[in-house]
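Open the structure in your viewer and keep the selection tool at hand. Each stop below says what to select and what is there.

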Amino acid sequence: MSNIKKAFENGKAFIAFLTCGDPDLETTAAAVRAAVKNGADLIELGIPFSDPTAEGPVIQGANVRALNGGVTTDKIIAFVKELRRDVKIPMVFMTYANVVFSYGAERFISACKEIEIDGLILPDLPFEEKEEFLPICRQYDVDLVSLIAPTSENRIAMIAREAEGFLYIVSSLGVTGMRNEIKTDLTSIVEVVRQNTDLPCAIGFGISTPEQAKKMADISDGVIVGSAIIKFLERYGKDAPKYIGEYVKGMKDAVR
């Protein structure tokens, strides 16, 4: 059984996204622990990249701060190994294909297995090209998580049938970032997913308020929040974990 499924066993899941090394790895560790303590069911750790095409200005800023701070993939792997001493909930990496390629796919994915990273999300990897990484992911028992976007349309069923871990449903067209309202007909997307897989699905992109979180959790198995959490790091820096903990508690209460 995929370890990721554990995130969805206690009702609706709250998934928190953090960029590793923003503003430094000590703060990332404190923020992860604050999120877990306050009810996060799964942690999505971003490995910073110089050209994060799926990200809006908030997470782009986090990538720049982390890279300027000197964070590297090696440092992040060592950091997660340390974090795993007490953080037991499922964790996944979110990064870009280039990061995995330049590190060496097998070297990267085997390191994921070693540090107990349960899955890998690569937003710039087209579904049709996933064979580039899928066999290695399967070899090391790391779920390659698929994304479904509003533009996936007639490919939704196919993506759902072949999915692993959980399905990441992108709520809106465009990049990550907070939105005042989400207008996509997500109910019909989730319906097609449900017809084709038993895997849980979570909705991300644009969710920032408890009201939005509840609405999205009502139609799916969980919600993913990134930009709203990164905003605290942008504003409070090393003092952000306290605020992140309070925010996660409010969001988890909303999705329950």
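Select alanine 105, which belongs to helix α5; helices (H or I, at least four residues) and strands (E, at least two) are DSSP runs, numbered from the N terminus. Is alanine 105 buried or exposed? Alanine 105 is buried, with a relative accessible area of 16%; buried means under 20%, exposed over 50%, and partly exposed in between (1.4 Å probe, protein chains only). Show its contacts, where contact means heavy atoms within 4.5 Å. Apart from neighbours within four places in sequence, alanine 105 touches Val100, Phe133 and Ile136.

This is a predicted model, in which local features need pLDDT of at least 70 and side-chain atom pairs count only at pLDDT 80 or more, while totals for chains, interfaces and linings use all residues. Residues are numbered from 1 along each chain as its sequence is written, and side-chain values use heavy atoms, with hydrogens and water left out.

Now draw a distance from alanine 105 to proline 23: their C-alpha atoms are 27 Å apart, and the two are 82 residues apart in sequence. Stay at proline 23, in the loop between β1 (13-19) and α1. The peptide bond leading from aspartate 22 to proline 23 is cis, with omega near -5°.

Next, select helix α1 (residues 25-37) together with helix α3 (residues 73-83). Two packed helices are described by the angle between their axes and the distance between the axes. Here the axes come within 11 Å and cross at roughly 40°; axes are lines fitted to C-alpha atoms, for helices over the stretch in contact, and angles run from 0 to 180 degrees between N-to-C directions. On the α1 side, the contact is made by Leu25, Thr28, Ala29, Val32 and Arg33, and on the α3 side by Lys75, Ile76, Phe79, Glu82 and Leu83. These residues divide into six nonpolar, one polar and three charged, where Ala, Val, Leu, Ile, Met, Phe, Trp, Tyr, Cys and Pro count as nonpolar, Asp, Glu, Lys and Arg as charged, and the others, Gly among them, as polar.

Go on to glutamate 116, in the loop between α5 (105-114) and β4 (119-121). Glutamate 116 has a positive phi of about 65° although it is not a glycine. It counts as partly exposed because its relative accessible area is 43%.

Glutamate 153 sits in the loop between β5 (143-148) and α7 (156-161) and is exposed, at 58% relative accessibility.

Last, select tyrosine 247 in helix α11 (residues 240-255). Why does tyrosine 247 count as buried? Tyrosine 247 counts as buried because its relative accessible area is 15%. Leaving aside neighbours within four places in sequence, its contacts are Ile207, Ser208, Thr209, Val225, Ala228, Ile229 and Phe232.
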